[in-house]
Amino acid sequence: MRYGYARVSTADQKVQLQCDALEGAGCQRIFKDEGVSGAVIERPALGQLLTLLQRGDQVVVWRLDRLGRSLSHLIELVADFGIRGVHFVSLNEAIDTSTAGGRLVFHMMGALAEFERCLIAERTRAGLAAAKARGTHLGRPGSLRVNGRSTRGG
């Protein structure tokens with residue numbers, strides 16, 4: 001079965017443009033989350049869709065950012081689809097994981113996301129090392145003691 005998923009972040013936005021595109025792409029059933037941020041991982045309609053998926057199904061979105069705002073979350077979802085034998089299609093980005101080219105593009109995005117996470121971790125470690133070398137105290141400040149007792153309740 002070909003399922004569509006549409007999402008808008010605020011109540012004043014309209015989901016109809018996405019629904020029209022999903023219907024035009026042959027989606028038999030469309031799940032809609034309205035007024036739900038993409039940053040929210042637990043979304044009611046997306047949760048319903050995920051419980052229905054079976055091997056051979058397709059999940060179609062109008063644009064990648066409708067499924068999730070975070071690239072790591074998108075990759076996690078699409079990897080889960082792959083494990084379950086479900087294909088993913090993004091209309092605007094022309095990604096279709098049922099084709100070799102679509103899988104390649106999505107794997108390249110995943111590799112870039114992993115690379116970005118590694119760079120962030122390296123910069124964080126370098127920044128902490130530089131701060132420590134300058135004598136900056138890292139971590140929580142020491143507790144304030146008044147008359148030999150901690151003011152933090154300990």
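The largest pocket is lined by Ile75, Val78, Ala79, Gly82, Val86, His87, Thr97, Arg103, Phe106, His107 and Gly110, where a pocket is, on a 1 Å grid over the protein atoms alone, an open set of points where a 1.4 Å probe fits, with protein on both sides within 12 Å along at least five of seven lines, and a lining residue has an atom within 4 Å of a point. The elements that contribute two or more residues to this lining are H4 and H5, helices being DSSP runs of H or I of at least four residues and strands runs of E of at least two, both numbered from the N terminus. About 200 Å³ of space lies in the pocket, and its lining comprises five nonpolar, five polar and one charged residues. The model is a predicted one, in which local features need pLDDT of at least 70 and side-chain atom pairs count only at pLDDT 80 or more, while totals for chains, interfaces and linings use all residues. Residues are numbered from 1 along each chain as its sequence is written, and side-chain values use heavy atoms, with hydrogens and water left out.

Helix H5 runs over residues 100-133, and its 34 residues reach 49 Å from the first C-alpha to the last, close to the 50 Å expected at 1.5 Å a residue. Just after H5, Gly135 takes a positive phi of about 90 degrees.

The structure also holds two aromatic pairs, that is, rings of Phe, Tyr or Trp (its six-membered ring) with centres within 6.5 Å, called stacked if the planes are under 30 degrees apart, edge-to-face if over 60 and tilted otherwise. Tyr3 and Phe31 form a tilted pair, 5.9 Å centre to centre with 55 degrees between the planes. Because Tyr3 lies in strand S1 (residues 2-8) and Phe31 in strand S2 (residues 29-34), this pair ties together parts that are 28 residues apart in sequence. Tyr3 is buried at 7% relative accessibility, and Phe31 is buried at 4%. The rings of Phe81 and Phe88 have their centres 6.2 Å apart and their planes at 35 degrees, so this pair is tilted; both Phe81 and Phe88 are buried.

Methods
The expected span of a helix is 1.5 Å times one less than its number of residues. Grid points are joined across faces, edges and corners, and a volume is the space filled by probe spheres set on the points. Ala, Val, Leu, Ile, Met, Phe, Trp, Tyr, Cys and Pro count as nonpolar, Asp, Glu, Lys and Arg as charged, and the others, Gly among them, as polar. Buried means under 20% relative accessible area, exposed over 50%, partly exposed in between (1.4 Å probe, protein chains only).
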